Amino acid sequence: NSKRAAIEEKSDTDAEGTIRVSQVIVPTLTAFLPSPDKATGAAVIICPGGGYRILAINKEGYDVAKVFQQWGVAAFVLKYRLPDDRTMVHKEIGPLQDAQRAIQIVRQRAGEWHINSNQIGIMGFSAGGHVASTAGTHFSHAVIDNKNNISLRPDFMILCYPVISMTDSLAHRGSRTNLLGKNPSPEKIKEYSNELQVTDQTPPAFIMQSSADNGVK
């Protein structure tokens, strides 16, 4: 799903110390593993937010992972590709591909990392919450190679002030435009409105929201 492009990843730090990564074209998965004697067996893949435009990689990624690590939970920060027509054939599936691949990798190597393969969840903040909830509602449709049929279903979701809907009345417009384009079809809006994709197979979710958040309804 990648196209060659003369684009380089950028990183800058704002006045509050938040590291903002943009133009991500090579995804990475950074592991924060607890010591084996503290490991609970649980693991969480963390998707930072940033409106599908940047990633707040430390505040909503590395800093969170270090706390989970202290609690004995293996944490993995996913630096997912940001949707861009210049670098992707189908930009709307790029972040989901990276989330599915992360779940696949962690489940494949669970024994090596002292992880219970049935306790692998996904966490996301803001637009990263959309990545996480897409992984939690679209797992039956693999957008990556999965010849060994490894389960791509996260066992739980932690959704922190998440972007969930792409509908006109609820969408965070910047996230929707960056993911689906300026004029998405009704079919695409429905497909990526994850509140409309919940079934009895959807993993349980802990949802955190704040009345102080004026950005995401």
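The buried residues of H3 pack against S4, H2, strand S7 (120-125), strand S8 (157-160) and helix H4 (173-180), where contact denotes heavy atoms within 4.5 Å and where helices (H or I, at least four residues) and strands (E, at least two) are DSSP runs numbered from the N terminus. The model is predicted, so that local features require a pLDDT of at least 70 and side-chain atom pairs count only at pLDDT 80 or more, whereas totals for chains, interfaces and linings use all residues. Residues are numbered from 1 along each chain as its sequence is written, and side-chain values use heavy atoms, with hydrogens and water left out.

Helix H3 (residues 127-137) is largely enclosed by the rest of the structure, because 11 of its 11 residues are buried; here buried means under 20% relative accessible area, exposed means over 50%, and partly exposed lies in between (1.4 Å probe, protein chains only). Among the buried residues of H3 are His130, Val131 and Thr134, which also belong to the lining of the largest cavity, together with Tyr52, Glu92, Pro95, Leu96, Leu179 and Tyr192. A cavity is defined on a 1 Å grid over the protein atoms alone as a set of points where a 1.4 Å probe fits but cannot get out, and lining residues have an atom within 4 Å of a point. Grid points are joined across faces, edges and corners, and a volume is the space filled by probe spheres set on the points. The structure holds one cavity of 30 Å³ or more, and about 40 Å³ of space lies in the largest cavity. H2 and H3 each supply at least two residues of this lining, and the largest share, three residues, comes from H3.

Strand S6 is likewise mostly covered, with six of its six residues buried. Ala74, Phe76 and Leu78 are buried on one side of S6, and Ala75, Val77 and Lys79 are buried on the other. Two strands are taken to pair if DSSP finds at least two bridges between them; S3 and S6 pair in the antiparallel sense over five bridges, whereas S4 and S6 pair in the parallel sense over four bridges. Ala75 in S6 stands opposite Phe32 and is also the bridge partner of Val44.

A search of the whole structure finds five aromatic pairs, in which rings of Phe, Tyr and Trp (its six-membered ring) have centres within 6.5 Å, planes under 30 degrees apart counting as stacked, over 60 as edge-to-face and the rest as tilted. Phe32 and Tyr62 form a tilted pair, at 6.0 Å centre to centre and with 40 degrees between the planes. This pair links distant parts of the chain, with Phe32 in strand S3 (residues 28-32) and Tyr62 in helix H1 (residues 58-70), 30 residues apart. Phe32 counts as buried at 13% relative accessibility, whereas Tyr62, at 25%, counts as partly exposed. Tyr52 and Tyr80 form an edge-to-face pair, at 6.5 Å centre to centre and with 75 degrees between the planes. Tyr52 lies in the loop between strand S4 (43-47) and strand S5 (54-56) and Tyr80 in the loop between strand S6 (74-79) and helix H2 (94-108), so the pair ties together parts that are 28 residues apart in sequence. Both Tyr52 and Tyr80 are buried.

Key: 1 Å grid on protein atoms, 1.4 Å probe; cavity = no way out; pocket = protein on both sides within 12 Å on 5 of 7 lines; lining within 4 Å.
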